Amino acid sequence: MDSWKPNPKAQPFIPRRHHSFCTRGQFFRRLGSKFFQFILVGVLMTTVIINILFIADTGRRLREVQSEGGVQDEVVETDLVSNGNTFDKLPHQLEIEVLSSDKKAAISVGGTQVVEEEEKDVGRGIHILVLNQATGSVMARRVFDTYVAHEDEAMVLFLNMVSDGRILIFTIKDEGTFQLKESARAFLKTLGSRDAEKMGWRDTWAFVTQKQRKHGHAFAEMHNKAVDMNHWGSPVILKTTINLMSVKESECSWPDTEANQRRRTFCDQLEGYGSLCSCDAPAPIEMRPEQLKNNTMWNIPVVVIASNRPNYLYRMLRSLLSAHGVNPKMINVFIDGYFEEPLEVTRLFDLKGIQHTPIGSKAGRISQHYKASLTATFSMYPNAKYAIILEEDLDVSEDIFSYFSQTSYLLEKDDSLYCISSWNDLGYEHTVHDPALLYRVEGMPGLGWLLKRSLYKEELEPNWPTPEKVWDWDMWMRSPQVRKGRECIIPDISRTFHFGASGLNMNSHFQEMYFKKHPYNTVPHVKLKNLEGLTREAYEDLMHGLISKATVLDHSLNPCDEEHFIPYTKGKSYVMYIQMYTDSDFETWLALARCFRIWDLDARNVHRASWRLFMKESPLFIVGFPASPYAKYKPADVQPIYLKKETKTKLR
């Protein structure tokens, strides 16, 4: 110890103070922390136990249902409108509420408002909703303006295309009986309606039924009569509850093929496609048409212009895929807008479907859709010299690719040609005869045509009407400043048939009057006549020869008296001369066209102030005098016929 010396750098020693207890605040904080930790552990343990029990119970339920042979019906089925719980069963019953009134139509399914149409001047007629009989999901919705002629026929056609077993809900907004003919009323009666035959002007009506073997099992129906012609029936509010069947009972037992997988996906969601979804005899979706020798169209893209008319598109694609020489890989369906049902139709057939964002309105929107589709096509196929342009409301003949294959070389050979069209504007049942005969015409017929890439990229695309211009794209293409004197090749008998009865410029009356009686070729393997004679110089020589040798009709007779004006001498050529002072003087022609019951809204199929067609199976030439160069063959003693055109509203 004597040697110990203090360290001058060491810190001074301070004794630590020990307490046997903490302050009251510290005590409660520590106690709260311990309690919270205990509660948290308890919650976690409870959650784990609940999940284990839930999984065990679900497994037990699966085993029980499997032992009963009903796993599809009892567990896998899920409520499509549940709160996301995939273990919820589908409802066994479905509550339906339907409103019919003068200003509003509404349908509620399972408490969800599915239809609510109350916009002024929109949705007049009969509203139809189609439900899946197992899930209660909406499969189709249609509105038929049965105030207008032929809409009742469209309604019956649609109902015939709905599969057996589906739930059908009907309601009327405003007026739905004015053009509801007896045949349509009788059809509704077969579906179980008691009131369809006695419904009258401005009555309100709601009806819920199930289609069963082309008949119906009615669940509920209400009908209120209008007191007089100036008032509507009082609103109908129909409420009913229906029993749903199991999914297993509602499904078809088709063979498990890739095509049927696409079919099942489609038919589980959508309705109104007839035998496509038939359990017994489903319509084929894989067509295997005959191939063509020397098919120059095999690698040419096919553009299908579509909108939101999926039933039209379905019909059109079936027709197209059945044509000889079709290459499905080259078919491109362009849809104007993000509509799901048309896209599902393209997927059904395993085709390419491309949706576009709409630009513009009305005719301007259609015009921009065409431009976007054509631009995209030539971008997708940079080596394609041509494109075939079709529309969703066209049937095509089985020889349409043969037709284009035989004629396409003319676009390269003759720079006076504008396009090759498969449509004859004047090709009615009584004005055509020869499927191998072709004409040259001024204008651009459209409705199925072959477009040259260079024409589009160098002339049409740079000058295409802008979105704010509400112009019809085809009228723009027919304009003299765009067409520049060029002509199109057309067939005597069309290779397409226009069946669409609804659209921006179309209704059922217009379709009936101007398109329904257009035949299209049904003869296979047609070898087209005199292709070399369709070049500009050769065709002029041909026309001069034909007209100079044709028999002149008796111009003292009334040309509207078809019975006497044109003789019954099959195969003999005739010519008539009409008054036509200039290339644009169509007064007599339009009046004559009306007499002949052909297109009379504007002048189509003109060639140097003349027209060609058949009447009574005889070639007939109509020559404008003095405007046409063929007018020189008119005998001096023949007075050109003059007819006054009656005023008529142009619809297209």
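Modeller: Buried means a relative accessible area under 20%, exposed means over 50%, and partly exposed is in between. Keep in mind that this is a predicted model.

Colleague: Why is Cys488 called buried?

Modeller: Cys488 has a relative accessible area of 0%. The cut-off is under 20%, so Cys488 counts as buried.

Colleague: What makes Cys419 and Cys488 a disulfide?

Modeller: Their sulfur atoms are 2.2 Å apart, and a disulfide needs them within 2.5 Å. The link is right-handed, with 120 degrees about the S-S bond. Cys419 lies in strand S15 and Cys488 in strand S18, so the pair ties together parts that are 69 residues apart in sequence. Cys419 is at 1% relative accessibility and therefore counts as buried.

Colleague: Why is the disulfide of Cys252 and Cys279 called left-handed?

Modeller: The torsion about its S-S bond is about -70 degrees, so the disulfide is left-handed. The sulfur atoms are 1.8 Å apart, which meets the limit of within 2.5 Å.

Colleague: Are Cys252 and Cys279 buried, or partly exposed?

Modeller: Cys252 is at 11% relative accessibility, so Cys252 counts as buried. Cys279 has a relative accessible area of 42% and is therefore partly exposed, as that value falls between 20% and 50%.

Colleague: What is the handedness of the disulfide of Cys267 and Cys277?

Modeller: The torsion there is about -85 degrees, so this disulfide is left-handed. Its sulfur atoms are 2.0 Å apart.

Colleague: Now the rings. What makes Trp449 and Trp473 a stacked pair?

Modeller: A pair of aromatic rings is described by the distance of the centres and the angle of the planes. For Trp449 and Trp473 the centres are 5.9 Å apart and the planes 15 degrees apart. Trp449 is in strand S17 and Trp473 in helix H13, 24 residues apart. At 1% relative accessibility Trp449 counts as buried, and at 7% so does Trp473.

Colleague: How do you know that the charged end of Arg263 sits over the ring of Trp254?

Modeller: The charged end is 5.6 Å from the ring centre. The distance limit is within 6 Å, and the position must also be within 35 degrees of the ring normal. Arg202 likewise lies over the face of Trp232, at 3.9 Å from the ring centre.

Conventions:
Residues are numbered from 1 along each chain as its sequence is written. This is a predicted model: local features need pLDDT of at least 70, side-chain atom pairs count only at pLDDT 80 or more; totals for chains, interfaces and linings use all residues. Side-chain values use heavy atoms; hydrogens and water are left out. Rings of Phe, Tyr and Trp (its six-membered ring) pair if their centres lie within 6.5 Å; planes under 30 degrees apart count as stacked, over 60 as edge-to-face and the rest as tilted. Helices (H or I, at least four residues) and strands (E, at least two) are DSSP runs, numbered from the N terminus. Buried means under 20% relative accessible area, exposed over 50%, partly exposed in between (1.4 Å probe, protein chains only).
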